[in-house]
Amino acid sequence: MPDKSSSHTGPMSAAELAAHRLFPHIDRRLALHLIAIHEQTPRLARLKASHRKWLMTQSLYALTLERTEEDPHSGLSASRLVEIATSIGAVSHNTARAFLQELLSYKFLMEIPSPHDKRLRLLDTTEASRKAMTGWFMGHMDCLDELDNGGRHARCAANDRIFRAAQPRAARRLIENPLWRYPAESINSFLQSELGGMILHEIISRIDDFTPQDGKVIVGPSSVAELAARYFISVTNLRRMFRKAETSGLMGWSVTSEQRVLWLSGAFLDDYFLWQAQKFAALDEAYCWAVQNVDLDSHSTADGCESDPAGPPQHAVAAR
């Protein structure tokens, strides 16, 4: 396993990432990064804070990046998003349309004219949503660089075509990956709930030492009421998220005379980090594919990135 002093030697697998001794620490760093994005754009963050909405958000963003002037059927439209969202089992037809309307109402999407058919209602991202998605992607590149000094962040910052090529590819791979699409039961009650993903990021961000003591990793002083107030969730809904993990012995509170200290089991963290590793691995592979296949200013091989013999996917999200 490469350490931080080594150069990037190709995309890392999810298993390699999850086993890396520094992975919990880069996931904590990512959690802090995503919490900052949430605080900057809370309305946008809420619109992608459940796993199902995450799947829709990544899909629709990929469709906007895949739009070409030559292909009148490319790009994002309401019907295409509904078709994808329902085909992958993310949400119902009506929920997908309602979600799209929310994005339009809050100006995270906008209508654009179709060069081929004025009756066609095409949609595109706005500056606010582009900034948030780019920040999300770059945060992952920065964290991956912590593992191997791979230079991903700098390369992506120098050429935004890498991001534009990598995001649709990573989205497709994650949507098609059952380990990502169907999270382990231990964490699923959080991920299927509104803002449950942010609650998990908040919990991870509070851990200073990931070494289990008697099978428990200490999070620190926390309460359901405090977390609910921070993320504007009802206490009842948040307790529902915690209940399954608590009754399964996967998390709980050690109560002293002064405070309640939250702890997580090693099994809970193993499931969570393996799930997160799926995303990091997909992004790393997509980054490597992009620097090999995008027409960059320099045609030299990107440092440490091996080519993918499978070649580029056609319409990465739509082709399933």
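Histidine 38 touches Ala45, Leu195, Met198 and Tyr231, leaving aside residues up to four places away in sequence; contact here means heavy atoms within 4.5 Å. Histidine 38 is found in helix H2, where helices (H or I, at least four residues) and strands (E, at least two) are DSSP runs numbered from the N terminus. With a relative accessibility of 9%, histidine 38 counts as buried. The term buried means under 20% relative accessible area, exposed means over 50%, and partly exposed lies in between (1.4 Å probe, protein chains only).

The model is predicted, so local features need pLDDT of at least 70 and side-chain atom pairs count only at pLDDT 80 or more, while totals for chains, interfaces and linings use all residues. Residues are numbered from 1 along each chain as its sequence is written, and side-chain values use heavy atoms, with hydrogens and water left out.

Met198, one of the contacts of histidine 38, is among the buried residues of helix H12. Helix H12 (residues 196-205) is largely enclosed by the rest of the structure, because 10 of its 10 residues are buried. Isoleucine 199 is also among these buried residues. Not counting residues up to four places away in sequence, isoleucine 199 touches Phe190, Leu227, Tyr231, Ile233, Leu238 and Phe242.

Isoleucine 199 leads on to the nonpolar cores. A nonpolar core is a set of buried Ala, Val, Leu, Ile, Met, Phe, Trp, Tyr and Cys residues joined through side-chain atoms within 4.5 Å. The largest has 77 residues, and Leu17, Phe137, Ile199, Phe242 and Phe268 have the most contacts inside it. H15 gives the most to this core, with 16 residues. Apart from it lies another core, of 20 residues, which includes Leu44, Leu63, Leu104 and Ala132.

Charged side chains form a further set of links. Side chains of opposite charge can pair when their charged atoms come close. The structure holds 17 salt bridges, each a side-chain nitrogen of Lys or Arg within 4 Å of a carboxyl oxygen of Asp or Glu. One joins arginine 230 and glutamate 202, at 2.9 Å from N to O. Arginine 230 lies in helix H13 (residues 224-231) and glutamate 202 in helix H12, so the pair ties together parts that are 28 residues apart in sequence. Glutamate 202 is buried at 5% relative accessibility, whereas arginine 230 is partly exposed at 35%.

Another salt bridge joins glutamate 226 and arginine 206, at 2.5 Å from N to O. Glutamate 226 lies in helix H13 and arginine 206 in the loop between H12 and strand E4 (216-221), so this pair ties together parts that are 20 residues apart in sequence. Glutamate 226 is partly exposed, at 31% relative accessibility, and arginine 206 is partly exposed, at 21%. Salt bridges that share partners join Glu39, Glu202, Arg206, Glu226 and Arg230 into one network.

About 170 Å³ of space lies in the second largest pocket. Of the 14 residues that line this pocket, Ala18, Pro24, Leu269, Asp270 and Phe273 are the closest to its centre. A pocket is an open set of points on a 1 Å grid over the protein atoms alone, where a 1.4 Å probe fits, with protein on both sides within 12 Å along at least five of seven lines; lining residues have an atom within 4 Å of a point. Grid points are joined across faces, edges and corners, and the volume is the space filled by probe spheres set on the points. H15 contributes the largest share of the lining, five residues.
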